[in-house]
Structures are given as C-alpha cells and as structure tokens.
Amino acid sequence: MPPWIIEKVISSAAPLGLKEVIPSTMGEPLLYPYFDIFIRTAERYGIRINLTTNGTFPIRGVDRWGYLILPVASDVKISINGVTKETAEKLMVGLDFEKQLMNIERFIEIRDEVRKSGVNYPTVTFQVVYMESNLEELPELLKMAIEMDVDRFKGHHLWITWPELEEESLRRNTGAIRRWNRIVDELYRVRDSYRKKDGKKIRLDNVYKLPLDQKDTKVPEDWVCPFVGREAWIAWDGTFNVCCAPDELRRTFGYFGNVKDTDFMDLWNGSKYNEFVENWGSYRVCRICNMRRPKKDIRGCEDERVD
C-alpha cells in the first residue's frame, strides 16, 4: 500500500469518530516498510492501533517493537495455534515456537511497564484458528495464556478456502460439532478454574457452541455480523472493502469505490455502502460466515477480525 493512503484515510475519518486503525489483516504487518506511519498517525490523531502479529517481531526485535507499539495500542493479538512445538510449527510453517514464547513473555513485560508508566493501558490477546488439528490442545493453550498473564483468548473457525482444508473444519458434520462443543465446555471450565496475576479471570471471546444441525453452508439466522457498519477495510490498492472474508468471497459483494479518487467518508456514508449495511444478511457469504456470533453476545466487537 502506498503510504499516503494511510494518512489520507485516517485524516478523513479521525475527526468524525475513528477509534482504531488495524494495520493489515492479510499477512504480518510488522514487515510493512511504512509501519511507522501507523504509529505517527495514531499519536497525531489520538487513536489506537489494534494489531495482529505472529509473534516473531521481525527486523526490529521484540524490545524495539514493544516500546514503539504498546504506548499507542489498544490490543495486540498474537496468532498462536498450538501449545506443543509440533502442532504450532505444523500450522505456522517456519515458526520457531520456543522463540515465539520467549517473545511473548518479553512483550508482556513491556506491556506491564507501559501500564505502570500511565501512558496507556494496552492488552495482549492469544488469537487462535479453531480446527481439527489443534482442537484437543485448546484447553492447554488457554491455561498457558493464563499462566503467561495474557489478557484475552479469542479465535475463529477456519475459513475453507481450499478443498484440502475441508477435513479441518469443525463445522463440517455433527461429529465435529459435538467435539467442538465439548471443548467449549472445557475452555469455560479452565477460564473459571484459573486466574491471571491480578486474580481476575481471562476474557474469552468468540467461544460459542454450535447448533448440532449447523453445516458449512448454514449459520443460525439470529447470529449477526459484528463488523458491518462498524469497520472498513482498505485494500493495498485503495479499494474500499466492506468485509473481512477471504478475497474471492468478499468480491462477490461488488465494488464500493476506491479512496485514491474518492474521500473515504464519502464512500462510508454513500448510498451503496449503506444499502449493503441494510441488506447484509441476504448475501450467501453472510449466511456461511465464520465470524457471525449470537446477537446477545455482541459487545466491543470492533476488535474481532481475521489475520
């Protein structure tokens, strides 16, 4: 993404209530050569950075990144998909699991320093993709998060973007759903049985049982989108995207404009996007979306997104 797009969009939205900027939902954002622009604009406009990273802290290392990001961060989600080296490194190819854990421990130490300074009160989250390969490890992963003093544990079910992934889906049949629902009970048992360093329970987000009649082509109708009308996605080329679904699925919604030639707030307030907001549930992508959740549980959901 050309760096001027970042400043153009944020300067348009910040005076009208923008709360957070989310650097990249499709890759490791700390590899972006102009990442410092996110930090500078957050400081300038008094907004927060909501970051998802893989915990490798490339180029600068965990200390330099920690002291740059945490003073302006609302939350930093670290993608972690296993509690054992074998599972974690299988699901994130090229990962050094031991180094990732060391980085997380140090990052949490910096989080605590920033909190004590009074500059900011950032949180750290474990973000997980729920799938067959890591299902049985999730309770132990939650225990590890609590022991490391992580603030929150959240995740989402796997998007099936290739036929080879179908056997990993925990929504694919009744047997898989039953196993997932059993793990949900176990996750809440762990949440209630263990405490963080401050004596409080860790926060669980997007951990819900699935109806036994659910299939990949059906999500309960009373489950709603936590993003529509709340968040916007600007692609690398300036395209205004209305959804965080995988690219091929998202494109089925149509074209909603580009911030290179139209002010972002004009697109956000435009008739086409507002028509989408009114009719979002009528699209096939909405009906199968992994990110929808029970309406009664929508709260502060602006931080739920795919990395």
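Reply: Happy to; we can go from the sheet to a cavity and then to a tryptophan. Keep in mind that this is a predicted model.

Me: Great. How many strands are in the open sheet, and in what order?

Reply: The open sheet has 6 strands in the order 1-2-3-4-5-6, and the pairing is parallel.

Me: Which ones are the edge strands?

Reply: Strand 1 (20–21) and strand 6 (203–205) are the edges, and each of them pairs on one side only.

Me: And strands 2 and 3, how many bridges join them?

Reply: There are 5 bridges between strand 2 (residues 48–53) and strand 3 (residues 73–79), and the two run parallel. Among the partners, Ile49 is bridged to Ala73 in strand 3, and Asn50 has Asp75 as its bridge partner there.

Me: How many residues of strand 3 are buried?

Reply: Strand 3 is mostly covered, with 7 of its 7 residues buried.

Me: What about helices? Which strands does helix 6 lie across?

Reply: Helix 6 (residues 138–147) lies across strand 4 (123–130), strand 5 (152–157) and strand 6. Relative to strand 4, helix 6 runs at about 170°.

Me: Changing topic: how many cavities of 30 Å³ or more are there?

Reply: The count comes to 2 cavities of that size. The largest cavity holds about 160 Å³ of space. It is lined by 16 residues, and those closest to its centre are Cys225, Cys243, Phe253, Cys286 and Cys289.

Me: What is the lining of the largest cavity like by class?

Reply: The lining has 15 nonpolar residues, no polar ones and 1 charged residue.

Me: Last stop, Trp268. Where does it lie?

Reply: Trp268 is in helix 9, which covers residues 264–268.

Me: Is Trp268 buried or exposed?

Reply: Trp268 counts as buried because its relative accessible area is 17%, and the cut-off for buried is under 20%.

Me: So which residues is Trp268 in contact with, leaving aside neighbours within four places in sequence?

Reply: Those contacts are Gly229, Arg230, Glu231, Ala232, Phe240, Tyr273 and Asn274.

Note on methods
Residues are numbered from 1 along each chain as its sequence is written. This is a predicted model: local features need pLDDT of at least 70, side-chain atom pairs count only at pLDDT 80 or more; totals for chains, interfaces and linings use all residues. Side-chain values use heavy atoms; hydrogens and water are left out. Helices (H or I, at least four residues) and strands (E, at least two) are DSSP runs, numbered from the N terminus. Buried means under 20% relative accessible area, exposed over 50%, partly exposed in between (1.4 Å probe, protein chains only). Contact means heavy atoms within 4.5 Å. On a 1 Å grid over the protein atoms alone, a cavity is a set of points where a 1.4 Å probe fits but cannot get out, and a pocket is an open set with protein on both sides within 12 Å along at least five of seven lines; lining residues have an atom within 4 Å of a point. Grid points are joined across faces, edges and corners, and a volume is the space filled by probe spheres set on the points. Ala, Val, Leu, Ile, Met, Phe, Trp, Tyr, Cys and Pro count as nonpolar, Asp, Glu, Lys and Arg as charged, and the others, Gly among them, as polar. Two strands pair if DSSP finds at least two bridges between them. Axes are lines fitted to C-alpha atoms, for helices over the stretch in contact, and angles run from 0 to 180 degrees between N-to-C directions.
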